[in-house]
Amino acid sequence: MTTDDPAGDLAADEPILRVRDITVGFGDKLILEGLDLDVKRGEILGFVGGSGTGKSVLMRTILGLNPRRGGTVEVFGHDLDAIDAATRTGIERSWGVLFQHGALFSSLTVLQNIQVPMREHMKLSQGLMDDLARIKLALVGLPPDAGAKFPSELSGGMIKRASLARALALDPAIVFLDEPTSGLDPIGAGEFDDLIAKLRDTLGLTVFMVTHDLDSLRSVCDRIAVLGDRKVLVIGPMSTMLTFDHPWVKAYFRGARARGATARGN
Amino acid sequence: MGFGSRRVRWSPTEPGWSFDPTEGGARLVLGGDWTIRTAGRLEQRVAEMVTTLEAPAATALARIDFDFTDVGQIDTAGALLLDRLTATVPEERIGRIGLAEPQRVLLDEIRAAVQAPEVLPPKLSPIVGFLTALGRYGVSLAAESALVVQLLGGVALVLVTAIRHPSRVRFIPFIHQLERTCVNAAPIVLLMSFLIGAIIAQQGAFYFRRFGADLYVVDMVGVLTLREIAVLLTAVMVAGRSGSSFTAELGSMKMREEVDALQVIGLDPVEVLVVPRLIALMVALPILTFLADLASIFGAAVVCQVYGGIPTETFLQRLAAAVELRTFLVGIAKAPFMAMIIGLVACSEGLQVAGSAESLGARTTVSVVKSIFMVIVVDGIFAIFYAAVGV
């Protein structure tokens, strides 16, 4: 299993995702410049930064949806620029993506949406796919009758959950979540965080999560990376964030809202 | 039926199993990776195992131990299949050996998820289904008629307002739409009409020559294009060009709640979106028809000169004798009505788009097909009307 399961090639202590010297710009404006980032296997990495600092751009660049001007992206130890099509497909099977607005296919039901990756990439019987899709639905906390609905009939929170179910369809090694809890009520957001943590513990999932939710950062993230000035300012656990000396980081983690979140945690 | 020591050999990551009955119980040894990558093959293995476990010799056993010691990775797909397997044996007779803690948690999760009830859509008899579909179609037809009437009423209301308070007219959106539907459409309409005029003249010249009535080709081209062809083909072109874009624009605005946003800001979507488009189209189509008239007669004149041997001077003299102002007016008078039909169909279809991308595509198709059909119906009605009043 070399190209079929690229995630399997990686030694346990190697980073699952290695980004080196990434530069991305649009027109004459540079968004990211010389950015380095490692994501360890099995961790939940929270990614924060002010609006417009390029968090989503970085995620899209890693996924190959944005062109970059320089730098390398290595996923499961494979340089994305140097791999053949088969390995690329293998990698695409081994990552799941939750887009900010869900990006569910609007002409398919939720169950059909979840089955799209299975149908395209795996040879499974229809009965098994149906069962699997129903399990994913239950895992992400959607009621069974949501499966037959179309995305336009779902609420914002249900769309996030259904989209997560699709991202998890192939039991990926790493999932990219773009603001998974935005638009959810605090209880729903808390459940979502618990769900992510549970999936990590049971499936050994690695999670790359762009988020603004201080509660998520505090409760589930193992490490936090802060994006600013076109690169990663600081990366580390919450304790590092609280002592790091940078105006934005200070304001974010030690501002009034942050104190509220920390107080609730104590 | 007795159990031999059945072993299936697999490579390390391939899933495998063996079944060893011992005194008073049996041990089912599982191995390999139980993941979605092996799930296709696993499903068959699990079916074999279930058959073995459901055989009378196995159900008689007091206890069955599932040995997970050699199992590699388990993901949700593998856990689902393991759950299918263990569900065949009553829980009090099951023993689980060598199950790591995370895997146990995963299996429990899956067990809980599997027990969620399956919701099947209610089954209907074909007759009920047909009647339901028919009823839905009737209701949607009524709703659509109501929408068209509402749009028409909205347009009338805005026009009345425009006459009473000219300052409230949305002039800039109207000019913008006029540029898109008229100015931008002019080149293709001119080219198309030139070709149509040329083709009719060429065909006509070919047949009339047999009777030595070459010159009558001018009469035919003049009357045919001015009365019928120019306006009809221009309307079809506009239906395909502007009608489809109206539907797609309004439809995607509807999908992204932009229409609702207009409403809550206190703007009337009909006034802001539909009226400028509709009025612009009703102004544009007569202008385009006039251009089409000119282009097709020019095309005919060129063909007559080059192919039919009729000098342009003769062509123009003959044309002046064959057609009168009324011929031109009869044709162009249809244009605003056709434009209104195209605009109404396009906008009403756009405003009926539902949430999915598929619905947007379907509505755009329906919009073009329906407006071209309606244009031809309107043309027919005018033909009857003109015959009745004798023009």
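**View 1. Pairing of strands S1 and S4 in chain A.** The bridge partner of A:Arg18 is A:Glu74, which belongs to S4(A). This is a predicted model. Strand S1 (residues 17-26) and strand S4 (residues 70-75) of chain A run antiparallel and are joined by 5 bridges. Strands of a sheet pair through backbone hydrogen bonds, and the sense can be parallel or antiparallel.

**View 2. The open sheet of 4 strands in chain A.** The strand order is S2-S1-S4-S5 and the pairing is antiparallel. Strand S2 (29-39) and strand S5 (78-79) of chain A are the edge strands; each has a single partner strand, so one side of each has no neighbour in the sheet. Helix H1 (residues 55-62) of chain A lies across S1, S2 and S4 of chain A. The helix runs at about 115° to S1(A).

**View 3. The open sheet of 6 strands in chain A.** The order here is S6-S7-S8-S3-S9-S10, and the pairing is mixed. At the edges stand strand S6 (95-98) and S10 of chain A, each of which pairs on one side only. From one strand to the next the twist averages 15°. Strand S3 (residues 44-49) and strand S8 (residues 206-210) of chain A pair in the parallel sense, with 4 bridges. A:Leu45 has A:Phe208 as its bridge partner in S8(A). Helix H5 (residues 156-167) of chain A lies across S6 and strand S7 (174-178) of chain A, at about 165° to S6(A).

**View 4. The hairpin of strands S9 and S10 in chain A.** Strand S9 (residues 223-228) and strand S10 (residues 231-236) of chain A run antiparallel, with 5 bridges between them. One bridge partner pair is A:Ile224 and A:Gly236, the latter in S10(A). The hairpin has 2 residues between its strands. In the turn, A:Asp229 has a positive phi of about 50°.

**View 5. A salt bridge between A:Glu33 and A:Arg230.** The closest N and O atoms of A:Glu33 and A:Arg230 are 3.0 Å apart. Over all chains, the search of the whole structure finds 30 salt bridges. Side chains of opposite charge can pair when their charged atoms come close.

**View 6. The interface of chain B and chain A.** Chain B contributes 27 residues to the contact and chain A contributes 29. The two chains bury about 2,400 Å² between them, and 65% of this is on carbon and sulfur atoms. Of the area that chain B buries against chain A, 29% comes from B:Ile36, B:Arg37 and B:Thr76, more than from any other three residues.

**View 7. Polar and charged pairs across the interface.** There are 2 salt bridges across the interface of chain B and chain A. B:Glu109 forms a salt bridge with A:Lys198, with 3.3 Å between the closest N and O atoms. Across the interface of chain B and chain A, 7 residue pairs are in polar contact. On the side of chain B that touches chain A, two or more residues each come from helix H1 (39-54), helix H3 (76-86), helix H4 (101-114) and helix H14 (357-389) of chain B. H4(B) gives the most, with 7 residues. The residues on this side of chain B comprise 16 nonpolar, 4 polar and 7 charged.

Methods
Residues numbered from 1 in each chain as written. Chains lettered and ligands numbered in written order. Predicted model: local features only at pLDDT ≥ 70, side-chain atom pairs only at ≥ 80, totals over all residues. Heavy atoms only, no water. Pairing = 2+ DSSP bridges. Contact = heavy atoms within 4.5 Å. Axes fitted to C-alpha atoms, helices over the stretch in contact; angles between N-to-C directions. Buried area = accessible area lost by both parts, 1.4 Å probe. Salt bridge = Lys/Arg side-chain N within 4 Å of Asp/Glu carboxyl O. Polar contact = N/O pair within 3.5 Å; in protein donor to acceptor, adjacent residues only side chain to side chain. Nonpolar A, V, L, I, M, F, W, Y, C, P; charged D, E, K, R; others polar.
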